[in-house]
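Colleague: I have just opened a structure that is new to me. Could you help me learn to read it, feature by feature?

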Amino acid sequence: MKVGLQFTLSDASVDATQAISQRQLSVSMSAIADEIPRSVPLNLCLILDHSGSMSGHPMDMVREAAQRLMDRLSLGDRISIIGFNHKAKVLVPNQELENPISIKLQIDQLKASGGTAIDEGLRLGIEELAKAKQGTISQIFLLTDGENEHGDNDRCLKLAKLAADYNLTLSTLGFGSEWNQDILEKIADTGRGTMSYIQQPEDAVAEFGRMLSRMQTVGLTNGYLLLSLMPGVRLAEMKPIAQVAPDVIELPVQQEGTQYLVRLGDLMVEVPRVVLVNLYLNQMAVGQQAIARIQARYDDPASQQEGLSTDSLTVYADYVSNYQPNPDPQVQHHILALAKYRQTQIAENKLQQGDLAGAATMLQTAANTALQMGDEGAATVLQDNATRLQQGETLSESDRKETRMVSKTTLQ
């Protein structure tokens, strides 16, 4: 297994007569499968909310969704399950899956009662998952339907960072309409996972299955982008680097000497993680000029090797005196995806401030951006919500959550 590392500039030519030019550097990283497939065990931890609000049909569907996953795991994969309400309990300690039926019986013990303490569930889940992270694909699926009323959201974010530091991927599933999308998004983004929305109880089985399928495509873990800039080139000061595919995540940047490091997490086969780097270029002489070097660092769980690196690639820009714009279509698509997300974020902030007209305007802008990039599903959701606000209506919790989801992804 190796890394596919590719890059493209938003426009490979630069006007040599301009003092400063801006370019977006698109970097794509994915795992490339070997000719002879290698099997790497999955190490999955389910952290399941069974508070009182989950009673009845919702709890039934979550139990069924978790039990169906047992049928899709392979013998030799590892499973652990945490249940939480206002307290948390290890329902299934980390173990190799040898008898799926016995695990299903443990899942049946989940009964809805009590309040919600997400951080306690996270703490136990990280402890269980970390027991077998060596040589495995290690991920947490955290499901909740409510606010962290008996817990501490700041502690959740600290635990998500701890999970990332341990090279554990953390994904979240919001169930129903009362969960906190801000916290679940931050948990998933920090844990380099994905955030999912289970709008109806019947959707739980399919959504758990989709997330497991995504986990099964992981070939390499702990992926990093390493970026070095040449003299006369700098990062944008605000939000300089973001992931734009398969979903949008604002990425924190670490600096070690002259090198910038950005952690991407698990690398999937044939599903690249695409990152946009926002650069400012000083005026340079006419001709091909090196502006940056990029490299990928990663772990290979199949061979249990850590800290592997690709060769370094040099990014060139062509400085010309008779510049004619020639934007790259694919990079422009990525720029629009990031714009759609950020415009929606501004709309949500305005909504929280009570500025309904401003929120409607920004949702309308985001809808137009979605149309530009061909994301008709998102455009419909965003336009419908903008229209509701323009007509003086309020957005339901379900509307707000759907808005958040379509801002981060492209609907299929």
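This is a predicted model: local features need pLDDT of at least 70, side-chain atom pairs count only at pLDDT 80 or more; totals for chains, interfaces and linings use all residues.

Modeller: Gladly! Residues are numbered from 1 along each chain as its sequence is written, and side-chain values use heavy atoms, with hydrogens and water left out.

Colleague: How are helices named here, and what do "buried" and "covers" stand for?

Modeller: Helices (H or I, at least four residues) and strands (E, at least two) are DSSP runs, numbered from the N terminus. Buried means under 20% relative accessible area, exposed over 50%, and partly exposed in between, with a 1.4 Å probe and protein chains only. Covering rests on contact, that is, heavy atoms within 4.5 Å.

Colleague: Which residues of helix 8 are buried?

Modeller: In helix 8 they are Gly358, Ala359, Ala360, Met362, Leu363, Ala366, Ala367, Thr369 and Ala370. After the helix comes Gly374, with a positive phi near 80 degrees.

Colleague: How do I check the length of a helix?

Modeller: The expected span is 1.5 Å times one less than the number of residues. Helix 8 has 17 residues and should span 24 Å; its end C-alpha atoms are 24 Å apart, which agrees.

Colleague: Where do the buried residues of helix 9 fall, seen down its axis?

Modeller: The buried ones are Ala378, Ala379, Val381, Leu382, Asn385, Ala386 and Leu389. Down the axis of helix 9 they fall within an arc of 165 degrees (taken from the directions from the helix axis to the C-beta atoms), so they line one face of the helix. Covering them are, among others, helix 7 (329-352), helix 8 (356-372) and helix 10 (397-408). Gly392 follows helix 9, and its phi is positive, near 85 degrees.

Colleague: How do I describe two helices that pack together?

Modeller: Start with the axes, which are lines fitted to C-alpha atoms, for helices over the stretch in contact; angles run from 0 to 180 degrees between N-to-C directions. Under 35 degrees counts as roughly parallel, over 145 as roughly antiparallel, 65 to 115 as roughly perpendicular, and the rest as oblique. Helix 7 and helix 8 pack at about 165 degrees, with axes 8 Å apart. That makes helix 7 roughly antiparallel to helix 8. Residues making the contact include Leu336, Ala339 and Ile346 of helix 7 and Met362, Leu363 and Ala366 of helix 8.

Colleague: And what about handedness?

Modeller: A crossing is left-handed if the near helix is turned anticlockwise from the far one by less than a right angle, and right-handed if clockwise. Helix 7 passes helix 8 in a left-handed crossing. Helix 3 (residues 118-130) and helix 4 (residues 153-165) also have a left-handed crossing. Their axes come within 9 Å and cross at roughly 15 degrees, and helix 3 and helix 4 are therefore roughly parallel. A right-handed case is the crossing of helix 5 and helix 10. Helix 5 (residues 181-190) packs against helix 10 at about 25 degrees, with the axes 11 Å apart. There, Gln181, Asp182, Glu185 and Asp189 in helix 5 meet Glu397, Arg400, Lys401, Arg404 and Lys408 in helix 10.

Colleague: What should I look for in the backbone angles?

Modeller: Most residues other than glycine have a negative phi, and most peptide bonds are trans. Asn167, not a glycine, has a positive phi of about 65 degrees. Asn167 sits in the loop between helix 4 and strand 8 (169-175). Gln304, also not a glycine, has a positive phi of about 55 degrees. As for peptide bonds, a cis one joins Ala245 and Pro246, with omega about 5 degrees.

Colleague: Is Met70 buried or exposed?

Modeller: At 1% relative accessibility, Met70 counts as buried. Met70 belongs to helix 1 (residues 57-72). Met70 and Pro100 are 30 residues apart in sequence, yet 5.8 Å apart in space, C-alpha to C-alpha. Leaving out residues up to four places away in sequence, Met70 touches Leu46, Ile79, Leu97, Pro100, Ile103, Lys104 and Ile107.
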